[in-house]
Amino acid sequence: MDFEIFIHILIAAIAAGTPFVYAALGELITEKSGVLNLGVEGMMLVGAISGFIAMAKTGSLLVAVLCGMAAGALMAGIFAVLTLTLMANQVASGLALTIFGVGLSAFLGLDYTSIALGGVADINIPFLSTLPVVGQLFFSHDILIYSSGVLFVAISWFLYKSKAGLLLRGIGEAPKSAHALGYNVIKIRYIAVLVGGAMAGLGGVYLSVAYTPMWVEGMVAGRGWVSLALVVFASWRPARVMLGAYLFGAITIAQFHVQGFGIDIPAQLLSMLPYVATIVVLVVISRDRNTIRLNSPASLGITYHPDNQ
Amino acid sequence: MASMKKKVLSVFILLVCVAGFSLSASAEDKLKVGFVYISPIGDAGWTYQHDLGRLELEKNLGDKIVTKYIESVPEGPEAERVIRDLAQSGHDLIFTTSFGYMNPTLKVAKMFPKKHFEHSTGYKTAKNVGTYMCRFYEGRYLTGIVAGKMTKSNTLGYVAAFPIPEVIRGINAFTLGAKSVNPDIQVKVIWVNSWFDPGKEREASEALITQGADVITHHTDSTAPTLTAEEKGVYAIAYHSDMSKYGPKAHLTAATHTYGEFYTKTTQAVLDNTWKSDSVWSGIKEGSIKLAPMNAAIPAEVVALVEKTTKDIAAGSFHPFQGPVKDQSGKVVVEAGKSLSDEDLLGMNYYVEGVLGNIPK
């Protein structure tokens, strides 16, 4: 395999991994507050079609992104009302949200099936883009890929360096203590769930508006579930989520190249490879029990009743 | 009073009878034809082609029939319910247009022995169930000629769904077509293990282009390969439908299948009471396989060659799998002077010479 193809795989991997970066980082914020939202797939789908419709109607990427994020947040809002206000079971509500999202997006998208958009242009940064290798790898993508990187830095800073991030993590660890200190646990969890939904929606927009760029029923094709798994296997740490997302993307692209070269490995085995490799790598780097205990939110998935203290 | 009541009642009954009679008469006037589709119609793809056929049927026999279609019907129990509903609501001829409708169609057909059913791409028939399918490989061979003439890198890319004989037959026919005009070409195949996943289809197309393929074709359902080719500045050959609006520069042509003639003929047979259960495998000769309009970039002599081959296939003087055909190991699988039987075509499980890699087992 020559060097050029290797670089191509890495460039393509960044694009292929970006939907996971958005959705998984969003889910990470939600889970850090102690809420488990299994509806990522549904939120991504509704975000994808909303962004797609907005893009087809207005032609503005900004409007598409805002609509997709709003739609994802709206979906998450339904989940939040069910689980945080009405105290419904989080696992069941999340699964229901996915099923609902699959149906709703298919319905909204009926008139938009197999319409094609122009895609999103790559932005080359003067000087940096012309650097050999590095320029191709990091400085010749579209704006949604750059912003996923910016978001990653912002979220890492927020979670580990800001007071608000500390509070969010605290609520995920011990909601009762936070409540006793006078913080409104339900309100903060609402915000975390909505942010998670908006980011899942953004991941969907990236898929439908920039990556493919088209709308097809069910086009998220399991990427929401992969994002959920990434958060767990990365033991709730943003950098590892990011690593997992790109690794998954890289192996997805690499296995297509292996097939193209006619190397004799069954295609079915190859299409399984991204899942297996990502899980193995993340489990190996996160195998330390203490790290898991330190990073996994202690109250994850447990319904919190502020009045029954 | 009592007689008055009786009179009113009898008039009322008379009215109901008349109304009922006229209703049933108007329904019996026209033959009701039902269609079951696997996906939304959209504006390109498998279901879109079937719906074009339905529209042509309406145009041809519109005064004698009414059609109804139901789209996005998943294969399985839901399909059985939809087909049964159509039969119950008076549809005498029902076309079910996806492979997975095979068993539901047969099951419903048993319950309604007087209705006629036609199932697309299946292999089981019954007294009132026929099957129909197109000889897609004939179109593939023709597009192979175009690809073989237009490539500069001598590398062609093929995005494929699942390693079943139908798909393998297409890859082989495409390769044979390309090799007939350019013996040096090789065809790279990437399996995406999905009929419809624009994300994966795009990734596979990109990988093929990076590895040097400058003509991309596909046996999957979305427009993603054509879009990708347009973006990367290489050529694409589409499948199912004319996808030129998705890649005006890239789109060379498309191997399309049409059903208008078959639907018209079959419906006419039901109207004439001459319908019989049959397995129809129709191709260029019957007008079921056509190429989409050729891109202006294709030289006139190539267009002429494709037209000549089309005529030869229609006349039966040429068969895409006409010997000698060699498999990858160089073994002759079809001897000179012979061509493959339909049975061998249907069970095809090897690559011909010129295809790179192995069939996933």
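The model is predicted. Chain A puts 29 residues into the contact, and chain B puts in 32 residues. Chain B splits into domain 1 (30–134 + 259–282) and domain 2 (136–257 + 321–346).

- On the chain A side, helix 1 (3–32), helix 9 (185–211), helix 11 (238–260) and helix 12 (267–285) each give two or more residues.
- Helix 11 of chain A gives the most to this side, with six residues.
- By class, the chain A side has 16 nonpolar, twelve polar and one charged residues.

**Domains of chain B**
- The centres of domain 1 and domain 2 of chain B, taken over C-alpha atoms, are 29 Å apart.
- Seven residues of domain 1 of chain B touch nine residues of domain 2 of chain B.
- Helix 2 (residues 46–61) of chain B gives the most to the domain 1 side, with three residues.
- That domain 1 side has five nonpolar, two polar and no charged residues.

**Sheet of chain B**
- Six strands of chain B form an open sheet with parallel pairing, in the order 2-1-3-4-5-11.
- Strand 2 (65–70) and strand 11 (279–282) of chain B are the edges; each has a single partner strand, so one side of each lacks a neighbour in the sheet.
- From one strand to the next, the twist averages 20°.
- Strand 5 (residues 129–134) and strand 11 of chain B run parallel, joined by four bridges.
- Y132(B) is opposite V280(B) in strand 11 of chain B.
- Helix 9 (residues 260–271) of chain B lies across strands 1, 2, 3, 4, 5 and 11 of chain B, at about 140° to strand 1 (31–36) of chain B.

Notes:
Residues are numbered from 1 along each chain as its sequence is written. Chains are lettered from A and ligands numbered from 1 in the order in which they are written. This is a predicted model: local features need pLDDT of at least 70, side-chain atom pairs count only at pLDDT 80 or more; totals for chains, interfaces and linings use all residues. Two residues are in contact if their C-beta atoms, placed from the backbone, lie within 7 Å. Ala, Val, Leu, Ile, Met, Phe, Trp, Tyr, Cys and Pro count as nonpolar, Asp, Glu, Lys and Arg as charged, and the others, Gly among them, as polar. Domain bounds come from an automatic or database domain assignment. Two strands pair if DSSP finds at least two bridges between them. Axes are lines fitted to C-alpha atoms, for helices over the stretch in contact, and angles run from 0 to 180 degrees between N-to-C directions.
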